[in-house]
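Work through these exercises with the structure open beside you. Try each task before you read its solution.

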Amino acid sequence: YSVSQTADGGYILAGVTTSYGAGQGDAWLVKTDSDGNELWNKTFGGTYYDEALSVQQTVDGGYILAGVTTSYGAGQGDAWLVKTDSSGDELWNRTFGGSDSDWTYSVQKTVDGGYISAGLTESYGAGDEDFWLVKTDSDGNELWNKTFGGTDKDYAYSVQQTADSGYILAGVTTSYGAGQGNAWLVKTDSRGNEQWNRTFGGTDKDYAYSVSQTAGGGYVLAGETSSYGVGNDDLWLVKIDSGGNEQWNKTFGAGSEA
């Protein structure tokens, strides 16, 4: 589900394996050299289903993984952070969530040495599922969490810290917007308090899976759209200014599902 280049020019990959490990599915971390040749791999998890959805190298040369666990925690599925050393050996893991299903899809290092993760929660918030933002210290201890959303389903798939030390979250909302699901962008301050939110899309299904801040202080979203383009689902790129206003969008795909 996730790949990042590492300081040595190689790559770190994170996802799920049902071939190895202890459970029905385990989080799987694979390290390669610069040519993609495997150097080592590690599994993490218990007797049930566990997966990693995001990975980044940390300042100490280790790795931080984010995903979901059904082997540990309090609920049907809990948000899960796993910290490893540079060889992929686990240093600690933390679960976050309540008695229902809670996931984290994205994790990033923060300037204070901690981590920010984003996903969805059924245990907290206003709706069936809400955007969920969790801030931790460098040891994975929760400092605060925030929910965003309405009475329906809202999923956050991506988070980045912004140049002003706030956060930008991207995903999909069925609580707001014009369609069956609209791409949703939420901007917060450094404490996770909402500053603004914007929806993008038409009357059909439109999702954002990734967000990045651009050099000019704006944002770029990547995802899929059924409202625009030539296919049932087209790749979708949306450029947004620093205030959340759309500047342009482009679709990519052929005449069938992309």
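**Exercise 1. A loop residue**

Does Ala 163 count as buried or exposed?

Solution. Start with the ground rules. The model is predicted: local features need pLDDT of at least 70, side-chain atom pairs count only at pLDDT 80 or more, and totals for chains, interfaces and linings use all residues. Residues are numbered from 1 along each chain as its sequence is written, and side-chain values use heavy atoms, without hydrogens and water.

Step 1. Take the cut-offs: buried is under 20% relative accessible area, exposed is over 50%, and partly exposed is in between (1.4 Å probe, protein chains only).
Step 2. Ala 163 has 72% relative accessibility, so Ala 163 counts as exposed.
Step 3. Ala 163 sits in the loop between E13 and E14. Strands (E, at least two residues) are DSSP runs numbered from the N terminus.
Step 4. Look across the chain. Gln 213 is 50 residues from Ala 163 in sequence, yet their C-alpha atoms are 8.2 Å apart.
Step 5. Find Ser 165, which is also in the loop between E13 and E14. Its phi is near 75°, a positive value in a residue other than glycine. At 29% relative accessibility, Ser 165 is partly exposed.

**Exercise 2. A covered strand**

How many residues of strand E11 are buried?

Solution. Step 1. Count along E11 (residues 130–136): seven of its seven residues are buried.
Step 1. Find one partner. E10 (residues 115–121) runs antiparallel to E11, with seven bridges. Gly 119 has Trp 132 as its bridge partner in E11.
Step 2. Find another partner. E11 and E12 pair in the antiparallel sense over six bridges. Lys 135 stands opposite Trp 144 in E12.
Step 3. Trace the connection. E11 and E12 form a hairpin with five residues between them, and Gly 140 in the turn has a positive phi of about 80°.

**Exercise 3. Aromatic pairs**

How many aromatic pairs does a search of the whole structure find?

Solution. Step 1. Set the rule: rings of Phe, Tyr and Trp (its six-membered ring) pair if their centres lie within 6.5 Å; planes under 30 degrees apart are stacked, over 60 edge-to-face, and the rest tilted.
Step 1. The search finds 15 pairs.
Step 2. Take Trp 144 and Tyr 167. Their pair is edge-to-face, 6.2 Å centre to centre with 65° between the planes. Trp 144 lies in E12 (residues 142–148) and Tyr 167 in E14 (residues 167–173), so the pair ties together parts 23 residues apart in sequence.
Step 3. Check burial. Trp 144 is buried at 8% relative accessibility, and Tyr 167 is buried at 2%.
Step 4. Take Tyr 207 and Tyr 209, an edge-to-face pair at 6.0 Å centre to centre and 70° between the planes. Tyr 209 is partly exposed, at 35% relative accessibility.
Step 5. Name the cluster. Trp 103, Tyr 105, Tyr 155, Tyr 157, Tyr 207 and Tyr 209 form one aromatic cluster.

How values were computed:
Helix = DSSP H or I, 4+ residues; strand = E, 2+ residues; numbered from the N terminus. Pairing = 2+ DSSP bridges.
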